[in-house]
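The sequence and structure are shown first, and the description follows.

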Amino acid sequence: NSSSVKEFILLGFSHNRGVQKIYFVVFLLFYTLTVAGNLLIVLTVTSSRHLNSPMYFFLCHLSFVDICYSSVTAPKMISGFLVENNTISFAGCIGQLFGFHFFGCTEIFILTAMAYDRYVAICRPLRYPALMSRRLCGRMVGGSWVGAFLHSTLQTLPTALLPFCGPNKVAHYFCDVHPLLHLACADTRVEGLVTVTNGGVISLGCFLILVMSYVVILVSLRGQKSAGWHKALSTCGSHITVVILFFGPCTFVSIRPSGDVSEDRSVAVFYTLIAPMLNPLIYTLRNREVKGAMRKLCSR
């Protein structure tokens, strides 16, 4: 169709050039810290012989996913602060939409797998080596990637097949389903419903599984002495923090009907850049083993 849109303009946050320069510096710093911090965790876990438990296996994958996840949206957003019109081709937009949902959903599934790992470690300590075998951990991570691929295909395909013939200004700093549905030259109520159901079921479902796993852990610790409580909370504390930081904003955006997109923008910064940036800090500050392994790696 000759009248179809060939490229989109990402509106980003502000049209004020002075404010854009400040955003450029701030977000470039955030993105650099995100990549550097998560890369350091990947290198630390893969190079250390001591960090070979399932928890670190998952943490390594989580950090790798965080690098990919923030790299889908951040570089385009950051470079956009320096140009008049931040354009993206139709194919680039659909690719960004797919990557965003693919890595975001993988992160959700890996965080859920980590919660199961913590549950087994605390509630079934004697059977932990048998239950959390390398094979099962590999299958859980593999399943996370496959499940995320299916989810993002379901989110991307219906949007990519919609006709776009009119306005091409995306009211966001990256291509997501809701802002694109606003631009389609067709009735998108069905696609909107499918998007909310698909994203909502996954984020809410996994969030409920996580909450339940922590309720079970806390109930199982009822009769324990304070040392047991302290040990359990120190292994779970960092994971709970990451879950709240990532799932809170993510669930808010995915289960809300496509209404005001400007709210989504500020919330999205939180789970696309700030949560991935904080993950390495949260996991290393509370963990002596990781800190020790990092010192060895840096001294090498």
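The buried residues of H5 are Cys137, Val141, Ser144, Ala148, His151, Ser152, Gln155, Thr156 and Thr159. Here, buried means under 20% relative accessible area, exposed means over 50%, and partly exposed lies in between, with a 1.4 Å probe and protein chains only as cover. Helices (H or I, at least four residues) and strands (E, at least two) are DSSP runs numbered from the N terminus. The model is predicted: local features need pLDDT of at least 70, side-chain atom pairs count only at pLDDT 80 or more, and totals for chains, interfaces and linings use all residues. Residues are numbered from 1 along each chain as its sequence is written, and side-chain values use heavy atoms, with hydrogens and water left out.

The buried residues of H5 pack against helix H2 (54-80), helix H3 (90-123), helix H6 (177-183) and helix H7 (189-220). Contact means heavy atoms within 4.5 Å. H5 itself has 27 residues, and its first and last C-alpha atoms are 38 Å apart, close to the 39 Å expected at 1.5 Å a residue. The expected span of a helix is 1.5 Å times one less than its number of residues.

Thr159 belongs to H5 and is buried, at 2% relative accessibility. Beyond its neighbours within four places in sequence, Thr159 is in contact with Leu97, Phe164, Val177 and Leu180.

Phe149 is also found in H5 (residues 134-160), but is partly exposed, with a relative accessible area of 44%. Together with Val146 and Leu150, Phe149 forms a nonpolar patch on the surface, with about 300 Å² of accessible area in total. Such patches are made of residues with over 30% relative accessible area and no salt bridge; like charges are joined within 9 Å, and nonpolar side chains (Val, Leu, Ile, Met, Phe, Trp, Tyr) within 5 Å. Accessible areas come from the Shrake-Rupley method with a 1.4 Å probe, and for residues only the protein chains shown count as cover. An α-helix has 3.6 residues a turn, so residues three or four places apart point the same way.

## Helix H3 and the annotated segments

H3 is mostly covered, with 26 of its 34 residues buried. The end C-alpha atoms of H3 are 50 Å apart, which agrees with the 50 Å that its 34 residues should span at 1.5 Å a residue.

An unreviewed UniProt entry lists residues 22-43, 55-74, 94-116, 136-154, 201-221, 233-255 and 267-285 as "transmembrane region". UniProt positions are given in the numbering used here, feature names are shortened, and annotations may be inferred rather than shown by experiment. In the model, residues 22-43 are 100% helix and 0% strand, with the end C-alpha atoms 32 Å apart. Residues 55-74 are likewise 100% helix and 0% strand, and their end C-alpha atoms are 28 Å apart.

## Three further threonines

Thr34 lies in helix H1 (residues 17-47) and is buried, with a relative accessible area of 0%. Apart from residues up to four places away in sequence, Thr34 touches Asp66, Ser70, Leu273, Pro276 and Met277. Thr34 and Phe24 are ten residues apart in sequence, and their C-alpha atoms are 15 Å apart in space.

Thr73 is located in helix H2 and is buried at 1% relative accessible area. Leaving aside neighbours within four places in sequence, its contacts are Gln96, Phe100, Tyr173, Phe174 and Thr272.

Thr188 sits in the loop between H6 and H7 and is buried, with a relative accessible area of 14%. Thr188 and Pro158 are 30 residues apart along the chain, with their C-alpha atoms separated by 9.7 Å.

## Salt bridges

The structure holds two salt bridges. A salt bridge is a side-chain nitrogen of Lys or Arg within 4 Å of a carboxyl oxygen of Asp or Glu.

| Asp117 | Arg118 | 2.8 Å |

Asp117 is buried, with a relative accessible area of 1%, and Arg118 is buried at 7% relative accessibility. By contrast, Asp187 is exposed at 53% relative accessibility, and Arg189 is exposed with a relative accessible area of 66%.
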